[in-house]
Amino acid sequence: MKKPGLRAAVAVGAMLCAAGCGTGEGTGPGAGPARADIAAAASAIGCAPHTTLDADELREATCTKSGTRYRVTAFATSAGREAWLEEARAYGGSYLVGARWVVVARPESALSALHEKLGGELEAAAQHAHMG
């Protein structure tokens, strides 16, 4: 069963970051590390990343390996990563969090194996009921 909340969290986080977490790094210092973080995560996963968002504040890519879908988001700043996580946590789910990157996977159990290869911290946000 798909969880639309996670997709919404990514979109909301990206919009918030685009609106306010830039530090003037633009395509300078922040762009190189973001690309490197995406490449390192994709290498650890063993897949070719497909960029879905490429902005000054963050870069996002998806890839699939052995039926597991991964979304890797790399940020120009750790403050940008924190703003994204704050919004995403409201939707629940699990995240593998590094210094300036976050990986989300379906199924979430794939994050444990990736954690051993990539490092970072595993986080699980409480699942909240959707009120409509």
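**View 1. Helix α3, residues 78-89, in a predicted model.** Here's a 12-residue helix that spans 16 Å between its first and last C-alpha, close to the 16 Å you'd expect at 1.5 Å a residue. (That expected span is 1.5 Å times one less than the number of residues; helices are DSSP runs of H or I with at least four residues, strands are runs of E with at least two, and both are numbered from the N terminus.) Its buried residues are Gly 80, Arg 81, Trp 84, Leu 85 and Ala 88. Buried means under 20% relative accessible area, exposed means over 50%, and partly exposed is in between, using a 1.4 Å probe and protein chains only. Looking down the axis of α3, the buried residues fall within an arc of 130°, so they line one face of the helix; the arc is taken from the directions that run from the helix axis to the C-beta atoms.

A quick note on the model: it is predicted, so local features need pLDDT of at least 70 and side-chain atom pairs count only at pLDDT 80 or more, while totals for chains, interfaces and linings use all residues. Residues are numbered from 1 along each chain as its sequence is written, and side-chain values use heavy atoms, with hydrogens and water left out.

View 2

**View 3. Strand β5 and its partners.** Five of the six residues of β5 are buried, so the strand is largely enclosed by the rest of the structure. Six bridges join β5 to β3 in the antiparallel sense, and Thr 73 has Val 102 of β5 as its bridge partner. Two bridges link β5 to β4, again antiparallel, and a hairpin joins β4 to β5 through three residues.

**View 4. Glu 60 and Arg 71.** Glu 60 is in strand β2 (residues 58-65) and is buried, at 5% relative accessible area. Its side chain makes a polar contact with the side chain of Arg 71, at 3.0 Å. A polar contact is a pair of N or O atoms within 3.5 Å; within protein, one must be able to donate a hydrogen and the other to accept it, and residues adjacent in sequence count only if both atoms are side-chain atoms.

**View 5. Two loop residues, Ser 66 and Pro 107.** Ser 66 is in the loop between β2 and β3, and its phi is near 55°, a positive value in a residue other than glycine. Ser 66 counts as exposed, at 73% relative accessibility. Pro 107 lies in the loop between β5 and α4, and the peptide bond from Arg 106 to Pro 107 is cis, with omega near 5°.

Definitions and conventions: Two strands pair if DSSP finds at least two bridges between them.
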